[in-house]
Amino acid sequence: MSRYNTFHWLSALAVALMIPASAHGYDFINVADSTGPLSGFATGPLINIGAPSLNNNGTASFWAGLDSGGAGIFTGNGGPITTIVDDSGPLNGFDLVTSINDSGVVGFHGGFDAGGRGIFSGSGGAVTTIADNSSTFSGFEHVAINNNGNVVFWASLTAGGQAIYTGDGSSTNLIADGSGPFISFFGLYPEINDSDVALFRAALDVGGSGLFASDGSTTTTIADDSGPIQTIVDGTSINNSGTVAFRALFDGGGQGIFTGNGGPLTPIVDDTGPFLGFGQFVALNNSGDLAFLGFLDDGGIGIFTGSDPVADKVIAVGDSLFGSTVTALGFSRGLNDNGDLAFLYQLENGVSGVAITGTGVGIPEPSTWSLMVLGSILISLMRRRNSSASLCG
């Protein structure tokens with residue numbers, strides 16, 4: 001090959017390296033799978049329940065069974081797995097739904113070997129009891145934790161009724177109970193942001209129900225069923241600016257995903273286009289990005305970040321993953337502020353597990369070092385070419 005052709009080949013290579021191979025490509029990292037000591041990942045065609053939570057450091061929290069028997073709650077980011085808690089100690093019966101903050105502290109719901117249930121947090125050492133059913137509370141549901149270490153939870157009360165509380169292990173704070181405008185609370189998946197504003201669904205004394213955000217003193221109605229919305233589905237999300245994302249069913253049939261903060265709602269996607277329906281959870285980050293499990297009119301199932309099933313696809317059933325083909329996916333709280341995602345997968349070869357995407361969306365740009373090397377080669381070739389031309393002249 002002549003120096004001239006080599007120069008142009010390397011120039012083309014440099015340009016190609018500077019253009020991402022796919023604007024919507026993702027790198028996938030295997031966090032844990034059923035080929036190791038963990039085996040009981042939730043599986044099946046719809047595996048939203050038990051899908052991992054993801055923090056801004058790229059660490060996922062998840063429930064899994066153990067080959068040796070029993071189950072536990074674990075965290076990982078592609079390296080060694082950390083055991084947050086398992087049933088070899090004083091706790092057992094862990095709920096499938098977990099939540100992790102940026103310090104790696106996981107909030108979860110479980111039972112005591114001695115009897116009773118509780119709300120807990122931990123990061124791999126001693127477990128902190130947030131609340132138990134020895135006095136005020138008689139039962140609990142799913143939890144979420146924020147970066148202040150506050151855990152929000154639904155509780156049934158020993159005195160009767162239900163309430164939404166937060167706690168950090170030293171005290172609990174009442175967010176809402178039946179003494180105000182609410183008559184009952186839907187216990188699935190309350191959420192909390194870093195301003196300690198809790199998000200929950202509740203039925204009203206005057207009839208109807210809605211989605212509400214409250215810090216215990218000020219309550220904002222995000223959406224209710226007095227308009228075209230018939231039902232707000234559990235699996236909502238709130239970011240630090242107070243914007244909420246949720247899925248809703250319409251009075252006239254159909255469904256859609258919305259965002260709002262107490263004013264007019266913003267429609268994101270509905271089932272009048274290529275989507276037939278959506279999974280239970282919608283995840284929203286502090287940049288305003290969201291992600292959800294979607295079901296397509298053509299039968300496809302995947303995780304998406306917007307209304308375009310091609311441009312906004314993260315991964316879908318039928319795609320290749322870790323040397324096999326995806327047969328099922330699960331997604332819940334698995335979106336962080338970097339645009340990374342965490343999800344459950346099941347493969348055609350029988351392997352199931354937890355995966356996360358690499359840092360940020362898209363194919364990484366070439367490193368500065370690689371571009372410098374290419375630049376040096378090009379400059380050297382140009383000098384040699386000019387030198388040869390001078391000698392020939």
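**Rings, strands and cores**

Trainee: How many aromatic pairs does the structure hold?

Mentor: Rings of Phe, Tyr and Trp (its six-membered ring) count as a pair if their centres lie within 6.5 Å; planes under 30 degrees apart are stacked, over 60 edge-to-face, and the rest tilted. Keep in mind that this is a predicted model: local features need pLDDT of at least 70, side-chain atom pairs count only at pLDDT 80 or more, and totals for chains, interfaces and linings use all residues. Residues are numbered from 1 along each chain as its sequence is written, and side-chain values use heavy atoms, with hydrogens and water left out. The number of aromatic pairs is 26.

Trainee: What kind of aromatic pair do Phe94 and Phe108 form?

Mentor: Their ring centres are 6.0 Å apart, and the planes make an angle of 75°. Phe94 is in the loop between β6 and β7 while Phe108 is in strand β8, so the pair ties together parts 14 residues apart in sequence (strands are DSSP runs of E with at least two residues, numbered from the N terminus). That makes the geometry edge-to-face.

Trainee: And Phe200 with Phe212, what is that geometry?

Mentor: Here the centres are 6.1 Å apart and the planes 35°. The pair links strand β16, which holds Phe200, to strand β17, which holds Phe212, twelve residues apart. Its geometry is tilted.

Trainee: Is Phe200 buried or exposed?

Mentor: Buried means under 20% relative accessible area and exposed over 50%, with partly exposed in between (1.4 Å probe, protein chains only). Phe212 comes out at 3%, so it counts as buried. Phe200 has 2% relative accessibility, so the label is buried.

Trainee: Over which ring does the charged end of Arg201 sit?

Mentor: The test asks for NZ of Lys or CZ of Arg within 6 Å of the ring centre and within 35 degrees of the ring normal. Arg201 has its charged end 4.0 Å from the centre of a ring, that of Phe186.

Trainee: Which strands are at the edges of the open five-stranded sheet?

Mentor: The order is β1-β30-β29-β28-β27, with antiparallel pairing. Inside it, five bridges join β29 to β30, and Tyr345 stands opposite Gly353 in β30. Pairing on one side only marks the edge strands, β1 and β27.

Trainee: How many residues are in the largest nonpolar core?

Mentor: Such a core is a set of buried Ala, Val, Leu, Ile, Met, Phe, Trp, Tyr and Cys residues joined through side-chain atoms within 4.5 Å. Ile303, Ile315, Leu329, Leu341, Phe343 and Tyr345 touch the most other members, and the total is 19.

Trainee: Which elements give two or more residues to this core?

Mentor: Take Ile315, one of the residues that touch the most other members: its contacts (heavy atoms within 4.5 Å) include Phe28, Leu321 and Phe343, leaving aside residues up to four places away in sequence. Another core, of 15 residues including Leu54 and Ile356, lies apart from the largest one. The elements you asked about are β24, β26, β28 and β29.

Notes:
Two strands pair if DSSP finds at least two bridges between them. Helices (H or I, at least four residues) and strands (E, at least two) are DSSP runs, numbered from the N terminus.
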